[in-house]
Amino acid sequence: MPSAGVLDTFKNLLRHGKHHNHAAPKQATTPSPPPQPETPAEEKMAREAAEQIVRQERELKSQLPSYKGLENFKITEKMGDGAFSNVYAATDLTTNKKVAVKVVRKYELNSSQRANILKEVQIMRGTNHPSVVKLVSFSESDEHYFLVLELMEGGELFHQIVKLTYFSENLSRHVILQVAHGIRYLHEERGVVHRDIKPENLLFQRIPIIPSKVPVRRPYDEEKEDEGEFVPGVGGGGIGRVKIADFGLSKVVWNEETMTPCGTVGYTAPEIVKDERYSKSVDMWALGCVLYTLLCGFPPFYDESINVLTEKVARGYYTFLSPWWDDISPSAKDLITHLLCVDPAQRYTIDEFLAHPWCNAAPAPPPPPTPYLGQPMDSPLLSAAKGRAEGRSPGIATLKEAFDVTYAVHRMEEEGARRRKYKGRGGAGARGFLGGLNEDDEEDFAEDDSGKKGIADGRAGPRDRGGKSKSAGTKGFELDLDGATLLGRRHRGKGAVRSPLAENVTSMQSLQLAESDLPPGSPMQIG
Ligand SMILES: Nc1ncnc2c1ncn2[C@@H]1O[C@H](COP(=O)(O)OP(=O)(O)OP(=O)(O)O)[C@@H](O)[C@H]1O
């Protein structure tokens, strides 16, 4: 299988070519000339580009590492990395099965970070569900921890959203229901709150894309790739099974006495039941963010400024922006409204989510194409992908960071308020067989050398796991969206329809104005 780097190079070549061919006829006032035969110089350039790709491929292959302690595995491909880890596809030489191996560098971890990894392992050991990535085994050497995981060869859902711009309602339902069943299992059967449900932490198994008989594109899409036929019970858009990964921020909410999740026994104190419901509601809010993003291709909360973004998240200000949301069903919007509401007590629980009519609707036949008179536009995610090298690009990294900030703000808002409320009342209920393993969660605002706290001083969140945030630094956090081509592209001369991100960038002043017009927790409806 070609490496990610090689695929990125190809994708950029393709996207560049596609974009160029598409744009030229629109700008020309006279018909464009027929394509010329390739000149020898062009042929030479293409040959050299191909040779370079092959060279890179060879180099990447020869760079695959070997680890002391992992002799029973043959590493075949790098799948991804985290703050302190690399994840590889590998073959288990004893069973001949393909697996993923997460190699964590022990020497880079302090004691609480080590405890955190062990907590992640402990939580994963206790789970067994088709929508949760399985931990096959765990071992360690002097220098590394090795987590052998079920291989999800499709990789992150995030990249599939970028590739397809957004998903149809059928495909979104296929994806989100699998995630929801995983969350239901974690919440109700394992007493685990994931706390980091986002497209980056949702992995998928690939299925072939069956080209659509009548490709459906929303009229304002410039380059939406065909997601193919949706096959009920199998999937579409190349996505089969979807699973929840990365339990690094997860928390166990067990009742200490009964060793069962809080609230499953009749005599559990009401405030403890309520507290647990609040913990779980963080995942429900995140589920709403993911569903929103799947359906339109950009996140619900977004701003260049950390302060404004924080404010928007805290107040639940988001919109179903026109024209991107015009063709999406009222039922889907209704469901999102019940997830992205500020008051956790009002927010749907996982069972309420699963009972919603949108979740239980049969896959709809593709709608007929509707005429649209405005300019064709890309989604922000696709813009990021086109503007920069895919995967590791600043554009996409920035978007990922926006998700991280949004989620971190939300977690802190809710959990901070809750902690203050129950402080001294022993109501957290988060002590049980993993008891001490949750200790470090109390320090969500990790302190840095200067004694400043997480988000406020510019980190992408409470998860200080090795400085992965690219915007961290002394000057404070800024989402450089203009530089990342997302806003900049839209600001420059797209007349008929404004960018969803431009629309979502609301000044503090307008936030305050909007506040007086809206009931708390209601989305701002425009367009
Ligand atoms: N089971 C798997 N199959 C395929 N790829 C995987 C698997 N697990 C992880 N990956 C890839 O490796 C990346 C990093 O994995 P993971 O999120 O578990 O690491 P992490 O150290 O917890 O990262 P972070 O610092 O972002 O939390 C994932 O985003 C994904 O691309």
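Biologist: Which residues of helix 8 are buried?

Modeller: Buried means under 20% relative accessible area with a 1.4 Å probe, protein chains only. In helix 8 (residues 330-339), that applies to Ala332, Leu335, Ile336 and Leu339. They sit on the same side of the helix, because they cover an arc of only 100 degrees around its axis, taken from the directions from the axis to the C-beta atoms. Helices here are DSSP runs of H or I with at least four residues, and strands are E runs of at least two, numbered from the N terminus. This is a predicted model, where local features need pLDDT of at least 70, side-chain atom pairs count only at pLDDT 80 or more, and totals for chains, interfaces and linings use all residues. Residues are numbered from 1 along each chain as its sequence is written, and side-chain values use heavy atoms, without hydrogens and water.

Biologist: Which residues touch the most other members of the largest nonpolar core?

Modeller: In soluble globular proteins, nonpolar side chains tend to be buried together. A nonpolar core is a set of buried Ala, Val, Leu, Ile, Met, Phe, Trp, Tyr and Cys residues joined through side-chain atoms within 4.5 Å. Here, Trp325 and Phe353 stand out among the 79 residues, and helix 6 (residues 270-296) gives the most, with 11 residues.

Biologist: What is the order of the strands in the open sheet?

Modeller: Two strands pair if DSSP finds at least two bridges between them. The five strands follow the order 1-2-3-5-4, with antiparallel pairing; strand 1 (73-81) and strand 4 (135-140) form the edges. Seven bridges join strand 3 (residues 97-105) to strand 5 (residues 144-150), and Val99 stands opposite Glu150 in strand 5.

Methods:
Buried < 20%, exposed > 50% of the residue type's maximum accessible area, 1.4 Å probe, protein only.
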